Every structure is written in C-alpha cells, then in structure tokens.
Amino acid sequence: MTTDRKVRVRFAPSPTGPLHIGGVRTALYNYLFARQHGGDLIFRIEDTDSSRFVPGAEAYILESFRWLGIEFDEGVGFGGSYGPYRQSERRDIYRQYVQQLLDAGRAYIAFDTAEELAAKREQVANFQYDAGTRMAMRNSLTLGEAETQRLVAEGVPYVVRFLIEPGEDIHVDDIIRGDVCINSTILDDKVLWKSSDQLPTYHLANIVDDRLMEVTHVIRGEEWLPSAPLHVLLYRAFGWTATMPRFAHLPLLLKPDGKGKLSKRDGDRLGFPVFPLEWHDPKTGERSSGYRESGYLPEAVVNFLALLGWNPGDDQELLSMDELIQKFRLEKCSKNGARFDYVKGQWFNREYLMRLSDDEWAPAFTDILHANGIDTTTERAAQVVGMMKSKVIDYATRDGVKRRNVSFVSDLWPLCRFFFVAPTEFNMDDKFVRKAWGTGTAEQMQQLRDVLAGIGDFSVEGQRAVVDPWVEASGIKPWNAWRVCLVGEGQGPDMYALSAFLGRDEVLRRMDYAIATLPH
C-alpha cells in the first residue's frame with residue numbers, strides 16, 4: 001500500500017497548552033521511524049478549534065523539541081513545499097473537500113442546535129446521531145434541498161456530518177495491533193465541518209492533510225484508535241484507498257501506581273514532571289514543573305521515553321539517539337499500556353550524568369551555589385562534584401524518608417553545603433556526633449590541630465605523609481571527630497580530600513570553633 005513511497009510521518013499537536021510527556025513519546029517514535037527509513041518528519045499544527053487556543057503554546061512545543069533534539073524536516077517554523085502547515089490557514093482547501101462529499105451524497109447538512117441535541121440526549125438513552133436517529137433530526141435529509149438552501153442562504157448555523165451506513169465491518173490495518181475490526185453500526189455521523197468558523201473538525205482536516213502532504217504512516221496514541229475506522233471510511237469516500245497511510249496506535253502511558261492514563265495530577269501527587277519544559281499558564285498563572293528545569297538531561301528523557309512501550313529485544317537499556325534509530329521497530333511496540341516508572345526516569349538521568357566529566361557538571365552546580373549565596377568558581381565547583389557525585393541523598397516521600405543516589409545536579413547542594421559554609425551548631429543527639437565526640441576528644445582534636453598547623457604542603461599527599469605517622473605513633477583514631485569539626489555531622493568525602501579543599505586556614509578555624517564549642 002505504501003511501501004513503494006518515501007516514508008513521511010507527522011506530529012500534529014494542538015496549541016491548547018503545554019506538551020504532555022505522552023505527546024513527546026509519540027513525536028519521538030515518529031522521529032525514530034522517519035530517520036530509520038530515511039524519511040521525513042512533518043510538524044503540523046492542528047488549530048481548527050479556535051476556542052481552545054492558548055497563547056504561547058506553539059512556541060512552547062517547538063522549544064521542547066529543540067531541547068530534546070527531535071528534529072523536524074518541514075512544517076510550521078521549518079518551511080516546506082506542502083504548506084501551509086497550520087490548519088487554520090487551510091480553510092479554502094478543506095471547503096472544496098467538504099463540497100465533494102456533499103455532492104457525492106456521502107455527507108449532509110445538519111441544523112440541529114446545541115439545545116436541541118441536549119434535549120434529545122435527555123429523551124433518548126445513549127443517544128448518538130446515526131442511521132437510527134438522523135431521520136428524526138433537522139438536516140438536509142429530512143428538510144429537502146430547497147429548505148436546506150434557504151436556511152443556508154439566511155445564514156442559519158449548520159454543520160456537515162459524514163453519512164455512515166450501518167452493518168459494515170471496517171478493518172484497520174494496524175502495525176502494532178494487527179487487524180482491528182469495528183462494525184460501522186457503533187459509529188455516529190461525525191461532524192466534519194462547521195459553518196460558524198468555516199473550519200473542519202479534526203477528522204476531516206486530518207485526512208485531507210495527510211493525503212495532500214503524502215503521509216505514509218500515521219503513528220499516534222491509542223486514544224485515537226476509535227477514530228481509525230471513520231478515517232478509513234473517509235479515505236474510501238474520497239477514493240484514496242490506494243494511498244491510505246498505515247496506522248500504528250501506541251500504548252497509553254499509565255499512572256505509576258495504578259490503572260488509568262497518566263495525568264498532570266499524578267505528577268503533582270507523586271512529585272515528578274509530566275511536561276518537557278516548565279509551563280506558566282497564561283490564563284490562571286499556574287506554574288507546572290518541567291523536565292528541563294527539574295535537572296533532567298535531554299538524552300536521559302529521550303532514552304527513558306523510548307523504552308516506555310517498546311524495547312529493542314535485548315538487555316541494553318542505555319541507548320543513544322543513533323542507537324535508538326538503528327534498533328527501533330514499530331512491530332515491537334507493546335499493545336498494552338506502559339506504566340510510567342518515574343523512579344526509573346531518575347535512574348536514567350543519573351546514568352547520563354555519570355557519563356559527564358566533573359567539569360561538565362560544574363556550570364550548573366556553580367549556578368546553584370550562586371543562587372544559595374555562595375561566591376565560588378567553576379573550578380572549585382568541579383572539585384566538589386568529583387568528591388560528592390557518587391554519594392546518596394535522603395529524600396522525603398509519602399512513605400517516609402528514603403535514600404537514592406545523586407540523580408540531579410541540584411541534589412548536590414544539600415550534600416555539599418559544608419564545603420562552603422562552616423558548621424555553627426553540633427547536635428549531640430545525633431548518633432554519629434555522640435559516638436564520635438566523647439570525654440577527651442577535644443584534647444585529641446587539639447593535638448591533631450597542632451599537627452595540621454605545622455604542615456607545609458597541605459595537599460592530600462602532603463597531609464597524609466604527616467598525619468598517618470602521627471596516628472600510628474599516638475594510637476589516636478581521629479577520623480570521625482575530625483569530620484564532626486569540619487562537617488558537623490557524619491557525611492562528606494575522604495577527610496584528606498575535604499581538608500585539602502578547605503585549605504589550612506579554614507580547617508584550623510573550624511577545628512578551633514568545634515574544640516571551643518563541643519563538650520570537653
């Protein structure tokens with residue numbers, strides 16, 4: 001059907017708000033498929049519902065894909081020879097196809113008002129506008145041509161509905177789900193066009209645009225599967241079956257802790273983003289977190305999303321974009337929904353962070369330090385990164401405090417504050433402090449302080465060359481008490497590394513303060 005044509009796929013969001021992470025995955029799969037087959041990826045804006053337009057949404061969507069590294073070949077913002085790529089700019093194109101269906105008797109004009117339709121739904125349980133009810137409604141089939149033309153001429157609002165005959169098995173050839181068969185009896189006569197704004201609905205615009213833009217494969221979310229039979233019927237009605245695209249309906253992204261589709265509320269409840277970038281709602285002023293601002297690397301987000309509903313058939317989890325392009329197969333996508341394991345997403349981010357050098361972490365960490373009032377250099381920040389990026393952090397959950405490895409650059413600040421801010425209080429109720437500091441400890445720390453004061457080379461090696469022999473000769477094990485002096489609690493890197501970073505003067509100052517403050 002389409003194998004002899006160049007692969008052309010499209011991602012066609014509506015500018016009604018921020019881009020959901022499920023939409024990002026759909027775009028990613030389209031991108032991987034296009035690149036694997038040497039095809040084109042089209043960026044189309046479906047803005048036929050002008051009442052839902054949100055200022056800034058289109059720019060937000062484009063910026064999201066720029067950050068993620070998902071590149072389009074043509075479309076809004078990219079140009080191309082199949083434009084315009086905004087549906088609101090294609091009114092005249094759609095109107096001629098609406099007329100074609102009307103002339104062929106495959107569609108009809110309906111004048112039913114919203115109030116009349118609501119009343120009918122009250123009267124008839126599970127009412128739908130179809131072969132069983134259309135002849136009792138106000139439309140061109142019941143009013144006749146003359147009355148229909150009179151109402152149209154007078155400017156009475158109307159819609160154009162697709163005429164669906166009952167009793168036909170409609171087969172959808174789906175790459176992921178195989179043959180999907182739905183009987184036309186359960187379908188209603190969908191609205192295809194509205195006179196109120198001279199714009200089509202999604203169903204007609206989608207079919208016409210895919211045809212004219214020579215789309216070969218429609219890869220979209222499972223939620224659109226119920227509309228696929230209607231689209232098949234529309235292709236038939238226009239006589240376009242020879243160029244009908246192949247469908248692939250992706251599995252839903254499910255809640256992390258239960259059944260049902262992933263929503264923003266799940267992210268708010270469990271503390272993870274569901275949008276690629278931070279979003280500020282222009283109407284409500286509400287702020288929603290984004291993966292970029294939360295400290296995720298775009299490569300990690302792409303890798304994480306790619307494996308939600310698809311796997312390469314082996315044990316490899318860390319896959320670059322090039323590897324994903326090489327291995328991706330629509331046929332290997334799951335038919336079942338994919339649980340959104342946001343903890344696994346954090347793991348992916350850590351794995352990609354750990355591939356970066358300390359110097360590559362440093363700019364972001366320096367910004368965090370500056371935001372917390374710490375004036376330092378990226379060189380100093382990189383040194384701290386090297387000492388602390390392999391540590392674990394405690395974080396609060398609904399089930400209490402849990403531990404995990406550093407997964408974001410921002411995790412470093414609570415772990416590393418003592419590098420830049422000396423402890424001023426010591427909690428003797430803390431198990432580590434209480435065990436490290438007992439009777440006589442202050443005198444031992446005074447001895448160590450005097451040893452350190454006499455060291456000329458205060459590097460790690462220089463300290464070790466002097467302190468290790470002193471430890472052996474004196475029998476004193478100073479490490480935990482020394483950590484209390486410099487850190488205030490039981491965390492931090494190797495003591496020689498920390499001491500060398502702080503420098504002799506700061507080390508002696510902190511030790512003097514601890515010796516004077518803690519019990520003797």
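**The largest pocket and the strands**

A lining of 44 residues surrounds the largest pocket, and those nearest its centre are Ala12, Pro13, Ser14, Glu223 and Trp224. Please keep in mind that this is a predicted model. Two or more lining residues come from each of strand E1 (8-11), helix H1 (21-36) and strand E10 (217-221). H1 gives the most, with 5 residues. By type, the lining divides into 17 nonpolar, 14 polar and 13 charged residues. The volume of this pocket is about 1,100 Å³.

Now to the strands. E1 and E2 run parallel and are joined by 4 bridges. Within E2, Leu41 stands opposite Val9. Together with H1, these two strands make a right-handed β-α-β unit.

E2, residues 40-43, also pairs with strand E3, residues 74-75, in the parallel sense over 2 bridges. There, Ile42 has Glu74 in E3 as its bridge partner. With helix H2, residues 57-68, E2 and E3 make a right-handed β-α-β unit.

Which way do the E2 side chains point? Asp40 and Ile42 point one way, Leu41 and Phe43 the other, and all are buried. In a regular strand, side chains alternate between the two faces of the sheet.

Last, one serine. Ser263 sits in the loop between strand E12 (253-254) and helix H9 (264-270). Is Ser263 buried or exposed? Its relative accessible area is 15%, so Ser263 counts as buried, the cut-off being under 20%. Leaving aside residues up to four places away in sequence, Ser263 touches His20, Lys255 and Val274.

Conventions: Residues numbered from 1 in each chain as written. Predicted model: local features only at pLDDT ≥ 70, side-chain atom pairs only at ≥ 80, totals over all residues. Heavy atoms only, no water. Buried < 20%, exposed > 50% of the residue type's maximum accessible area, 1.4 Å probe, protein only. Contact = heavy atoms within 4.5 Å. 1 Å grid on protein atoms, 1.4 Å probe; cavity = no way out; pocket = protein on both sides within 12 Å on 5 of 7 lines; lining within 4 Å. Points joined across faces, edges and corners; volume = space filled by probe spheres on them. Nonpolar A, V, L, I, M, F, W, Y, C, P; charged D, E, K, R; others polar. Pairing = 2+ DSSP bridges. Right-handed = clockwise from strand over helix to strand, strands pointing away.
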